[in-house]
Amino acid sequence: GKPGALLAAFPLFHVSGLMGSATTGLAGGTTSVWPTGRFDAKKIIELSKQHGITSWTGAGTQIFRLLEALDESDFDASDLTNVGIGGSATTPELVRRTEARLPQLKGTFGTGYGATETGAIVSYAGNSMLAENPSCVGPPLPGVEITHVPKEDIALMAREARYAGAKVVNVHGETVTEPVEPGTNLSAVSSKAVDILAHPGLITADEARIAADNGVFQIGRAHV
């Protein structure tokens, strides 16, 4: 059938508005509806009926208000095929309430973390990950460098990055000019999922031997 319209609730200076609504809509030939003025859940319901909106986007507080407004309207919520939530971390309670009110979307929610400054998301957790751990942030996406990771999480994140498709996993080491947690070098070279330890600073002989055994290359800057 005819594709439905997209509710564009975010401003264009925000990545969710520019990329999530404007660019995505243009690329897919989707009609987007941009409400003006203060956010009004009842107005959004009416716009959804008038323009055939089947995809809602909004911040967590906006989606909460829309779910409440559905109970006071005659809008056929079964027409909704997607709900995108952005602007802040999506709480497990919001996912639970959205799935309860819109059962056709049960099992479709994932969550991504990022910012406008990072060009959208840098990690993503699919629905199966959230079912196992509702607060999971997911593995970093291929091409994303994650720094200042707690040393005890490096091995796990490296394995998850590899599982997500990363061909090369690079850990930023304990360079003397940046506040990297002590023990990062050892955690990195001890993981066989890590390929490169970059800028390790003053690496010990034991760490160097472990790196050699596990095939972890060390890269630093040369100063003359």
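In this predicted model, Ala-77 sits in the loop that runs between helix 3 and strand 4. Leaving out residues up to four places away in sequence, Ala-77 touches Leu-70, Arg-101, Leu-102 and Gln-104. Gly-107 is another matter: it lies 30 residues from Ala-77 along the chain, and the C-alpha atoms of the two are separated by 17 Å.

One of those partners, Leu-102, is worth a look of its own. Setting aside its neighbours within four places in sequence, Leu-102 is in contact with Ala-77, and also with Leu-67, Leu-70, Leu-80 and Val-83. Leu-102 turns up again in the largest nonpolar core, which has 25 residues. Leu-102 is among the residues with the most contacts inside that core, along with Trp-56, Leu-66, Leu-70 and Val-83.

Which parts of the chain build this core? At least two residues each come from strand 1 (5–7), helix 2 (41–51), strand 3 (53–59), helix 3 (60–70), strand 4 (82–86) and helix 4 (92–101). Helix 3 gives the most, with five residues. Apart from this core lies another one, made of 14 residues, including Ala-161, Val-169, Ala-193 and Ala-211.

Back to helix 3, then. Its buried residues are Gly-60, Gln-62, Ile-63, Leu-66, Leu-67, Ala-69 and Leu-70. An α-helix has 3.6 residues a turn, so residues three or four places apart point the same way.

The largest pocket has a volume of about 930 Å³. It is lined by 37 residues, and the closest to its centre are Ser-16, Gly-84, Ile-85, Gly-86 and Ile-121. Strand 3 and strand 4 show up here too: each supplies at least two residues of the lining, as do helix 1 (15–28), strand 5 (111–115) and strand 6 (120–125). Helix 1 gives the most to this lining, with seven residues. What kinds of residue make up the lining? There are 16 nonpolar and 21 polar residues, and no charged ones.

Definitions and conventions:
Residues numbered from 1 in each chain as written. Predicted model: local features only at pLDDT ≥ 70, side-chain atom pairs only at ≥ 80, totals over all residues. Heavy atoms only, no water. Core = buried A, V, L, I, M, F, W, Y, C linked by side-chain atoms within 4.5 Å. Buried < 20%, exposed > 50% of the residue type's maximum accessible area, 1.4 Å probe, protein only. Helix = DSSP H or I, 4+ residues; strand = E, 2+ residues; numbered from the N terminus. Contact = heavy atoms within 4.5 Å. 1 Å grid on protein atoms, 1.4 Å probe; cavity = no way out; pocket = protein on both sides within 12 Å on 5 of 7 lines; lining within 4 Å. Points joined across faces, edges and corners; volume = space filled by probe spheres on them. Nonpolar A, V, L, I, M, F, W, Y, C, P; charged D, E, K, R; others polar.
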